[in-house]
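Please walk through the structure below with attention to helix packing, salt bridges and a few individual residues.

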Amino acid sequence: MKKWNVLHIAYKVCTIVMNLQAQKGNMKMKNRFYPGVAAGIAVVLAITCCYRNVQIKAEDLSEDAASIKVETDAPNLIDNYDNDSILCNKLEYDVDNNTTDLKDDVEEKLNEAGVFDEEINDLDDETIEELNKSINTSVYINYVSVDESTNGVVEEMNDSEIEDVIEQRIEDGKILYEEDKSLLEKIGQAVGILPTDVKGAEPLHKEGNYPKTKGKVKQTIYACQFKKKGTIYVTAKAYWLEEAYYKNIDIFGVTVKNGNIIRNTAKCTHKANYVSYAAAYKNGEYKEKKETHPDAFRYDADAVACKVNLFGNRKTIEAEIYAYVFDYYKDESIELKFQCRYEKKVVVFATSYNHAMTNKSISPSISLGSGGISVGISGTSTNYYSELFYNAYLDYTHI
């Protein structure tokens, strides 16, 4: 839009609104004074609009982002920017609204890389402190889908699929984003002309069984160090962006190349937001934050893994539907933390996620081989696990 058009429209809008507000006041004063005020505000609005159009360019946002290295194929504000992307718009919103305990510059750079404020707020205090103190941070982000209706076919999500799931999470209120309103809408709401719509929460499946769908998983690796030639602090996380149908023992781990995991530093945290809808509850719903700390097992110095029983029991969940009780375990995540010494300048970290494709009672075993972490079930030849290929893979350059 040309600058003159922006200026002209802004002037017209400001004049109309001020005239409406002035009808209750002195009309003579309005005719002498308001046109000048409207012109002044119009110039400010025009400058703001033009400035905003410059600010959202990815090359401008990434000029001073050298202290945090990013590896991702997903949309972001550094090297895969799209003005029409809802994911990029959400990241820009987070850049403009600092809502975490990270230092402002660290939070903004993680936002630009593709990390949402909600994900930062879900990190433990120790990881927040590590990111704040870090002199050398690298981040890897990826998105995959596992089709639970076709025996666990795993695919890397393309930009369009990522956009769809992020838009759905915004609509469901799982992540916060307020779309920029038009100038008329902003002024109309400010003076009380236009109302603001608010939608209430409701269960996703009111009748019948919960469907088997393509579960969406976002994996992130953070690696950082506090001093040169110092220890590497690693946090790997897997988020279920859509609730898994199968509720069983999943295996999440990280393998390390060119580095040694320090003994007794590995730990695991498993979280979810439990929501139940039923007429018996106050306001029709009950909420509870779930958290467990499964054991994290270190395999020599090359890998660490944990067995995590996903929250909920699918048979119980589906049985309760007939009593008009609808249970969900939203935003389920598995976090694995450990410390590592480096052997070579570039240390490679790779996640490994094996998702159980059955609701039967099973007891998996974990082993480490040349191909990484593998999972088996004793006493049966049936493969109940689907490995999420396209895992997070971070090349960390130690300093």
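The model is predicted: local features are reported at pLDDT of at least 70, side-chain atom pairs only at pLDDT 80 or more, and totals for chains, interfaces and linings use all residues. Residues are numbered from 1 along each chain as its sequence is written, and side-chain values use heavy atoms, with hydrogens and water left out.

Helices (H or I, at least four residues) and strands (E, at least two) are DSSP runs, numbered from the N terminus. Two packed helices are described by the angle between their axes and the distance between the axes. Here axes are lines fitted to C-alpha atoms, for helices over the stretch in contact, and angles run from 0 to 180 degrees between N-to-C directions. Angles under 35 degrees count as roughly parallel, over 145 as roughly antiparallel, 65 to 115 as roughly perpendicular and the rest as oblique.

With helix α5 (residues 104-113) α4 makes an angle of about 175 degrees, the axes being 9 Å apart. The two helices are therefore roughly antiparallel to each other. On the α4 side, L91, D94 and V95 are in contact (heavy atoms within 4.5 Å) with E107, E108, N111 and E112 of α5. The residues of this contact divide into 2 nonpolar, 1 polar and 4 charged, where Ala, Val, Leu, Ile, Met, Phe, Trp, Tyr, Cys and Pro count as nonpolar, Asp, Glu, Lys and Arg as charged, and the others, Gly among them, as polar.

I86, L87 and K90 of α4 meet I162, E163, I166, E167 and I170 of α8. In the contact of α4 with α8, 5 residues are nonpolar, none polar and 3 charged.

Helix α8 itself covers residues 159-171, which makes 13 residues, and spans 18 Å from its first C-alpha to its last, close to the 18 Å expected at 1.5 Å a residue. The expected span is 1.5 Å times one less than the number of residues. Its I162, E163, V165, I166, R169 and I170 are buried. Buried means under 20% relative accessible area, exposed over 50%, and partly exposed in between (1.4 Å probe, protein chains only). These buried residues of α8 pack against α4, β2 (136-147), β4, β5 and β12.

Next come the charged pairs. A salt bridge is a side-chain nitrogen of Lys or Arg within 4 Å of a carboxyl oxygen of Asp or Glu, and by this rule there are 17 salt bridges. One of them joins E119 and K218, whose closest N and O atoms are 2.9 Å apart. E119 belongs to helix α6 (residues 117-121) and K218 to strand β4 (residues 214-225), so the pair ties together parts that are 99 residues apart in sequence. Both E119 and K218 are buried.

K237 and D122 form another salt bridge, at 2.9 Å from N to O. This pair links distant parts of the chain, 115 residues apart: K237 is in strand β5 (residues 232-240) and D122 in the loop between α6 and α7 (125-133). K237 is buried at 1% relative accessible area, whereas D122 is partly exposed at 23%. D122 and K237 also belong to a salt-bridge network with K271 and E335.

A further salt bridge connects E130 with K337, with 3.1 Å between the closest N and O atoms. E130 lies in helix α7 and K337 in strand β12 (residues 326-342), 207 residues apart. Both E130 and K337 are buried.

Most residues other than glycine have a negative phi, and most peptide bonds are trans. N264, which is not a glycine, has a positive phi of about 65 degrees. N264 sits in the loop between β7 (259-261) and β8 (267-277) and is exposed, at 75% relative accessibility. Y324 also has a positive phi, near 60 degrees. Y324 is in the loop between α10 (314-321) and β12 and is exposed, at 61%.

A350 is buried, at 14% relative accessibility. Leaving aside neighbours within four places in sequence, A350 is in contact with G253, V254, T255, A392 and Y393. The C-alpha atoms of A350 and Y390 are 9.8 Å apart, and the two residues are 40 residues apart in sequence.
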